[in-house]
Amino acid sequence: MNAKLTVDGSLCRGTALCVALAPKVFRLNASGEGFPVVRLLRQPDIASVEAIVDCCPNGAIALEMENE
Ligand code: SF4
């Protein structure tokens, strides 16, 4: 199973919390919005990023499970 990782820039408030928790997965763009460096995840990365999805104070991060 794969999971597609996205950040909705219109919801992001640039807290950088996602970057602090997973700097290899998230970065801030020039506008100060979080974006995923890695867009397609596999286990065990899915489980660790799921916890970060819940930490985003604005619900801007989404993980969409995909069947292979
Ligand atoms: S944690 Fe959420 S609000 Fe903060 S930078 Fe990341 S996506 Fe944006």
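**The ligand and its surroundings**

Guide: The ligand sits in the largest cavity, where sitting in a cavity or pocket means that more than half of a molecule's atoms lie within 2 Å of its grid points. A cavity is, on a 1 Å grid over the protein atoms alone, a set of points where a 1.4 Å probe fits but cannot get out, and its lining residues have an atom within 4 Å of a point. This is a predicted model, in which local features need pLDDT of at least 70 and side-chain atom pairs count only at pLDDT 80 or more, while totals for chains, interfaces and linings use all residues. Residues are numbered from 1 along each chain as its sequence is written, and side-chain values use heavy atoms, with hydrogens and water left out.

Visitor: How much space lies in the largest cavity?
Guide: About 120 Å³, a volume being the space filled by probe spheres set on the points, which are joined across faces, edges and corners. Of the 18 residues lining the largest cavity, Cys12, Thr15, Cys18, Cys56 and Ile61 are the closest to its centre.

Visitor: And which helix gives the largest share of that lining?
Guide: Helix H1 (17-21) does, with 3 residues; helices here are DSSP runs of H or I with at least four residues, strands are runs of E with at least two, and both are numbered from the N terminus.

Visitor: Which residues surround the ligand?
Guide: Among them are Cys12, Arg13, Gly14, Cys56, Asn58 and Ile61, a residue being counted as near if one of its heavy atoms lies within 4 Å of the molecule. By class, this shell has 7 nonpolar, 3 polar and 1 charged, where Ala, Val, Leu, Ile, Met, Phe, Trp, Tyr, Cys and Pro count as nonpolar, Asp, Glu, Lys and Arg as charged, and the others, Gly among them, as polar.

Visitor: Switching to Asn58, where is its place?
Guide: Asn58 is in the loop between helix H2 (45-55) and strand S5 (61-66), and it touches Leu11 and Arg13, not counting residues up to four places away in sequence; contact means heavy atoms within 4.5 Å.

Key
1 Å grid on protein atoms, 1.4 Å probe; cavity = no way out; pocket = protein on both sides within 12 Å on 5 of 7 lines; lining within 4 Å.
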